[in-house]
2 protein chains.
Amino acid sequence: MSNKSRKNNYRVSSVDVARLAGVSQSAVSRCFTKGASISEKSKQKVLKAARELNYSPNIIARSLVKKATNIIGIVLTRYKSPFYSRVLGQFTRKIQAKGYNTLLMDIGNDETVDAVLSTALQYQVDGLIITSATLSSAMVEGCLTSQTPVILFNRYAMYNEVSAVYCDGMDGGRKAADQMIGRHNRFACIKGEEGSSTSRDRSQGFIQRLEENGISDCLYERGNYSYESGSAAADKLLSRKDRPDAIFCVSDLMALGAMDVARYKYGLEIPKDLSIMGFDNINMASWSAYNLSTVKQPVTKMVDSTLSQLFNEIENNEDHTIVRKIKTELVLRKSTRN
Amino acid sequence: MSNKSRKNNYRVSSVDVARLAGVSQSAVSRCFTKGASISEKSKQKVLKAARELNYSPNIIARSLVKKATNIIGIVLTRYKSPFYSRVLGQFTRKIQAKGYNTLLMDIGNDETVDAVLSTALQYQVDGLIITSATLSSAMVEGCLTSQTPVILFNRYAMYNEVSAVYCDGMDGGRKAADQMIGRHNRFACIKGEEGSSTSRDRSQGFIQRLEENGISDCLYERGNYSYESGSAAADKLLSRKDRPDAIFCVSDLMALGAMDVARYKYGLEIPKDLSIMGFDNINMASWSAYNLSTVKQPVTKMVDSTLSQLFNEIENNEDHTIVRKIKTELVLRKSTRN
DNA sequence: ATGAAAGCGCTAACAG
DNA sequence: CTGTTAGCGCTTTCAT
């Protein structure tokens, strides 16, 4: 059996159906295009033939002529985070509900982002959602000339030709600080990787607010958003003699890791000896083992906003770009004093 | 600005490039088809023109003629589970590495599975991975006539025309039982939903092994694989006067929920008063707050096996279906006595 | 090595 | 309502 035998194998097409049904090929096309004018009689003939041959229209061919694939590309970076799983789940479900489909693309490191985006464009996606990755100007150019709407999710644009929706990390950081100030003596922050803009915003908001209140010696360590890195960072912080009694983490996962070293390695009681706050409000934050106070990113609101803007740009050809900054909400549980 | 103005907008094609480069359209096609015979000189001309026009080939058109889209469809049910996030992540990354792309489809309930699969087929996916969903015979038929290779992931086939790779839940359940037998007096099991075959296998293995050892009064409750449902099920179990001192949960997430009610609602000590085991070995199982003993599904092995079979069927037209049952591994931590 | 031409499977005028 | 016809943007013989 040769390498190509599959490709050469017959795939039933509309002309086969037409022949069997005794109608023209356009009739079968009309039969599968809702709103097209076709008599009930031919419709039945076509349907019968189609069923017999197990036919269904080739969307690729349709896309070629309609110049619309009905597919939305979603780009994200290695998503270890439960936050992004949730986001992705909501996106795909809602995209499907809208009659579109999702081409999911994962980028390992920032070097590959251009390649990935470019193949998305080559697939003629009708729209693009980019999560936690930056957009090179070459790619902005590409999207522009191909007229492909793009929304940055949880990033903001350096270029104002592209829309963005993200949550207000700066304000979230400030809220976290407000919750802790006055109840603690020594503050620390566990940030994300150096380049990360979300990490920067959140920690900056926190630190600024502290400074506004006369606290200028906030410690910090960095993690990579994982549980383990949160543990490691907290470990460093807690091994100091001037150990902090309040730690703000720029992600919940890191906060959980921090809580666990604090409790199980240092035997600290939370929040008696140490308050911890996270950011995201992932499911685990509410688990009884943690009860993590956190700054909630309103996922549903963010997703809906992204999608409504995207479909607006796609369907109404609204080329008006927007930047929507969504407010966070404080979720107080028991990992902080009150 | 009309509704259609975007669609009518110009998208640069190979003929545009050809014209600018002063070569034939086929030349530009060849330029982008590796291995095609084209002189260095024309190649440069084409490349230059392409760059100028910001051109890149339309994969949809190419797919139409090549009868191959290079896209793999992945179907999964509302994936709340961290296990499936991990699986999905591995799949997409490895699919991309192979030069393919992922069309991600989510099915809410079993009613929609046919619709979803059928649109995947209409998109002419080169292959299909179906996770935790059953395949109707109509769909098997559809895949067969369209010659689309399908692999069932963590399901087994009722039909032997379709390949499957899954982990041996029955054996996993048995291993869990072996670990608990002799150290406990009263056993219970938290199963998944009634229809779920994975739940059935895992719990059956557990219960059978118990019976082989003369224990025939294993209690059980059902959950839906979520943390909350695990808590609820454990709550019922633990409120009995003949409370179990060993609980096997068919998923880690439920086991974590069970641990938390046991500890925080009933004040039980684990594993002193109660042993708990899970299934999957998700990341959280190793967190210090839990230290959950569990039956590990070897994700990487399963994913690799699935993919190698799938690509084998795609590229070598190997229509030899396989069913690969992968062995689980016991991971002992501190939630069980030893 | 290159261009001309045929066609992938479909939709969309256009006549009738 | 229906068939005919002309493409969508590309790959691929087939000559040259």
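Start by selecting helix H12 (252-265) of chain B: H12(B) lies across strand E6 (187-191), E8, E9 and strand E10 (293-296) of chain B, running at about 155° to E9(B). Helices (H or I, at least four residues) and strands (E, at least two) are DSSP runs, numbered from the N terminus. Axes are lines fitted to C-alpha atoms, for helices over the stretch in contact, and angles run from 0 to 180 degrees between N-to-C directions. Two residues are in contact if their C-beta atoms, placed from the backbone, lie within 7 Å.

Before moving on, a word on what you have open. This is a predicted model, where local features need pLDDT of at least 70, side-chain atom pairs count only at pLDDT 80 or more, and totals for chains, interfaces and linings use all residues. Residues are numbered from 1 along each chain as its sequence is written, while chains are lettered from A and ligands numbered from 1 in the order in which they are written.

**The sheet in chain B**

Now colour the strands under that helix. Six of chain B's strands make an open, mixed sheet, ordered E7-E6-E8-E9-E10-E12. Strand E7 (219-222) and strand E12 (329-331) are the edges; each has a single partner strand, so one side of each has no neighbour in the sheet. From one strand to the next, the twist averages 20°. Zoom in on E8 (residues 246-249) and E9 (residues 275-280) of chain B: they run parallel and are joined by three bridges (strands pair if DSSP finds at least two bridges between them). To find one bridge, pick Ala246(B), whose partner in E9(B) is Ser275(B).

**Where the chains meet**

Show both protein chains. Here, 53 residues of chain B are in contact with 54 residues of chain A. On the chain B side, the elements giving two or more residues include helix H6 (82-97), strand E2 (101-107) and the H12 you began with. By class, that side has 18 nonpolar, 26 polar and nine charged residues. For the classes, Ala, Val, Leu, Ile, Met, Phe, Trp, Tyr, Cys and Pro count as nonpolar, Asp, Glu, Lys and Arg as charged, and the others, Gly among them, as polar.

Next, select E2 in both chains: three bridges join E2(A) to E2(B), and the two run antiparallel. Which residue of E2(B) is the bridge partner of Leu103(A)? Click across and you land on Leu103(B).

**Two helices in chain A**

Go to H7 (residues 113-122) and H8 (residues 137-145) of chain A, whose axes come within 10 Å and cross at roughly 5°. That makes H7(A) roughly parallel to H8(A) (angles under 35 degrees count as such). Show side chains for Asp114(A), Leu117(A), Ser118(A) and Leu121(A) in H7(A), which meet Ala138(A), Met139(A), Gly142(A) and Cys143(A) in H8(A). Five of these contact residues are nonpolar, two polar and one charged.

**Last stop: the DNA**

Then switch to DNA strand C, surrounded by 26 residues, with Ser14(A), Ser29(A), Ala61(A), Ser24(B) and Ser37(B) closest. Here H5(A) gives the most, with five residues.

Terms used. Near = placed C-beta within 6 Å. Parallel < 35°, antiparallel > 145°, perpendicular 65-115°, else oblique.
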